[in-house]
Amino acid sequence: MTADALTGRLSRIDKARSYDWTGLACTALTAFAALLVVLMVAVIMGNIAFFGWRTVTWEFLTATPREGMTAGGIFPAIFGTVALVLLMVVALVPFGVGAAIYLHEYARPDAWYTRAVRFSVNNLAGVPSIVFGLFGLGFFIQFLGRHMDRALGLDVVWGQPALMWAALTLALLNLPVVIVTAEEALRTVPREAREASLALGATRWQTIRYVLLPQALPGILTGAILSVSRGAGEVAPILFTGAAYFLPYLPQSPTDQFMELGYHIFVLSTQSPDVDATKPILYGTVLVLLLLTFLLNLTAILLRSRMRARLAGRQ
Amino acid sequence: MTPEPSSMTASPPSPTPPRPAPRPPAPRRDGADPADGTALQTRNLTLHYGSLPALKAVTIAVRPHSVTAIIGPSGCGKSTLLRSFNRMNDLIPGVRIEGEIEFAGRNILAPSTDVVELRRRVGMVFQRPNPFPKTIFENAAFGLRMLGLRDRAELEARVETSLRRAALWDEVRDRLERSALTLSGGQQQRLCIARCLAVEPEVILMDEPASALDPTATARIEELVLDLKAAYTIVVVTHNMQQAARISDRTAFMLSGELIEYDETPRMFTSPSQKLTEDYITGRFG
């Protein structure tokens with residue numbers, strides 16, 4: 001650059017600036033994008049709350065659907081959803097945490113099988129949920145269930161869509177989330193804690209059990225919370241594996257089919273004989289699903305904050 | 001505050017080896033003294049982190065029921081040497097160790113060593129106080145529980161004994177069920193010492209145990225170390241030469257992974273035989 005050109009540039013910097021239109025446009029556009037998110041939440045929540053709140057009565061929450069689902073309540077669906085999510089968590093957390101412990105504590109980081117596990121975890125997270133549904137149908141029901149029936153000499157007990165298979169399918173879907181968050185939680189336990197335990201003559205497993213896991217528990221719970229939110233809303237994985245179109249009674253055992261809120265919403269909005277009559281019920285059901293997810297989350301978050309407080313020495 | 005009288009009278013956890021009366025003329029240069037016996041003895045201990053040498057043929061004998069200080073500038077290998085005594089270096093990937101470390105008549109580097117048992121007998125106190133986020137009681141009882149002790153009365157008795165030995169009992173007796181994290185830094189470090197004492201080790205390794213503490217808390221830890229040496233063999237790594245001079249019976253000076261000099265502490269600080277030692281302790285480098 002010649003001296004003249006440089007002076008030219010400098011003088012341009014000195015010159016009184018006109019208004020910064022580019023900057024303003026960028027601010028406006030990004031702010032609009034951010035605002036859009038708020039608007040979407042407001043519209044969805046507002047719309048559902050506005051049209052749904054009148055439907056959500058005590059009767060609605062505790063009764064079974066009547067008259068081709070144009071009247072009555074949604075209790076079987078609420079019950080089914082809660083049972084499904086609880087069963088899922090019971091199956092999911094031990095496996096997820098187990099895999100995380102293996103990856104973090106035992107596996108050699110660059111061994112081929114460690115990489116294979118990580119590769120699988122990452123890819124499992126990318127599989128569409130409907131594929132999990134098909135897998136659940138093919139593996140759990142048609143393969144595992146049928147063989148169990150045959151081995152136990154039963155008629156069709158396990159070899160059909162059921163609450164348990166749906167819960168297991170959902171658990172598979174959420175496994176990556178739990179593994180990743182649990183491993184992250186284990187990683188945040190300070191090295192000093194592990195060393196202190198080992199230096200006291202604790203075995204590796206004792207160190208995991210009594211030092212690492214208690215300190216990682218809030219983080220593990222975060223993974224469980226995420227999976228519960230997702231599990232309560234996913235319809236595709238349970239479509240073939242256990243959700244029922246309509247059941248006037250509650251599931252009595254893990255081998256029974258069940259109604260579920262998400263699937264019920266799908267049924268109400270697409271399969272109903274009288275769309276206008278089911279509309280209030282549809283809104284009410286969506287509201288209940290949102291509230292239920294919120295409630296499950298809230299419980300877990302409160303539990304987590306209590307654990308954190310205890311770990312930090314504030315009781 | 002004065003130290004707990006009971007910590008002075010606390011009985012040694014293991015029977016003291018019998019000491020023959022006559023002393024031989026002069027100890028060997030590595031500090032081994034047949035008369036006193038040896039608590040820990042390394043022979044040509046060489047350690048690499050990957051390709052990086054951290055210890056070079058270190059041969060040193062630690063005497064029982066005494067305080068041995070290891071001094072030297074940062075990165076000289078003093079912590080690495082200390083962490084070899086309870087095989088804490090095993091936790092670091094890519095460590096290679098050659099040579100021998102003899103403890104209780106056995107080479108602890110042998111693959112057949114029960115590392116869990118070794119670490120119970122050779123306890124460790126770390127640089128930063130690292131109590132578990134559990135109650136004070138559960139911290140002191142941790143090692144015992146890991147050994148399978150369930151009996152509540154026995155646990156309580158042993159927890160009290162170790163807290164007394166660590167001169168912490170009077171400060172915490174009323175709040176054993178409070179979180180250990182509510183204690184001050186100095187109290188936390190004494191709790192870590194108590195936690196270590198509870199499993200009745202023979203040797204206590206201390207890795208700069210007072211470097212994260214204020215002067216008052218440091219003084220209390222030093223007092224405690226002097227109290228404890230009647231019953232335990234103590235090896236303490238420190239970057240604080242005054243501290244080494246105050247509390248240790250013998251001092252080892254390390255530089256770049258080598259043991260430069262190892263002698264009685266008073267002699268080490270008044271008339272060191274090595275030029276490098278003299279330069280270091282007079283503050284010419286380090």
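Because the model is predicted, local features need pLDDT of at least 70 and side-chain atom pairs count only at pLDDT 80 or more, whereas totals for chains, interfaces and linings use all residues.

**Chain B as a whole**

Start by displaying chain B, which holds eleven helices and ten strands; helices (H or I, at least four residues) and strands (E, at least two) are DSSP runs numbered from the N terminus. Of its 286 residues, 49% count as buried, where buried is defined by 20 or more other C-beta atoms within 10 Å of the residue's own, exposed by 12 or fewer, and partly exposed by a count in between, with C-beta atoms placed from the backbone.

**Helix 4 of chain B**

Next select residues 136-146 of chain B, which form helix 4, a mostly covered element with nine of its eleven residues buried. Among the buried residues are Ile136(B), Phe142(B), Leu144(B) and Met146(B). The buried residues pack against helix 5 (152-165), helix 6 (169-172) and helix 7 (185-198) of chain B, together with helix 9 (204-233) of chain A; residues are in contact if their C-beta atoms, placed from the backbone, lie within 7 Å. Just after helix 4, look for Gly148(B), which takes a positive phi of about 100°.

**The side of chain A that touches chain B**

Now show both chains, where 17 residues of chain A are in contact with 22 residues of chain B. On the side of chain A that touches chain B, the elements giving two or more residues are helix 8 (191-199) and helix 9 of chain A, and helix 8 of chain A supplies the largest share, six residues. This side of chain A divides into nine nonpolar, six polar and two charged residues, with Ala, Val, Leu, Ile, Met, Phe, Trp, Tyr, Cys and Pro counted as nonpolar, Asp, Glu, Lys and Arg as charged, and the others, Gly among them, as polar.

**Helices 8 and 9 of chain A**

Keep helix 8 and helix 9 of chain A selected: their axes come within 10 Å and cross at roughly 160°, the axes being lines fitted to C-alpha atoms over the stretch in contact and the angles running from 0 to 180 degrees between N-to-C directions. That makes helix 8 of chain A roughly antiparallel to helix 9 of chain A, a description used for angles over 145 degrees, whereas angles under 35 count as roughly parallel, 65 to 115 as roughly perpendicular and the rest as oblique. In this contact Ala193(A), Arg194(A), Ser197(A) and Leu198(A) of helix 8 meet Thr207(A), Val211(A), Leu212(A) and Gln215(A) of helix 9.

**Helices 11 and 12 of chain A**

Move to residues 261-270 and 275-311 of chain A, helix 11 and helix 12, whose axes also come within 10 Å and cross at roughly 160°. Helix 11 of chain A is therefore roughly antiparallel to helix 12 of chain A. The residues making the contact include Leu261(A) and Leu268(A) of helix 11, and Ile281(A) and Leu292(A) of helix 12.

Finally, select Pro176(A), which lies in helix 7 (residues 163-187) of chain A and counts as buried because 21 C-beta neighbours fall inside 10 Å. Leaving aside residues up to four places away in sequence, Pro176(A) touches Val121(A), Leu124(A) and Ala125(A). Helix 5 of chain A (residues 112-124) is hardly covered, the count of buried residues among its 13 residues being zero.

Key:
Residues are numbered from 1 along each chain as its sequence is written. Chains are lettered from A and ligands numbered from 1 in the order in which they are written. Two residues are in contact if their C-beta atoms, placed from the backbone, lie within 7 Å. The expected span of a helix is 1.5 Å times one less than its number of residues.
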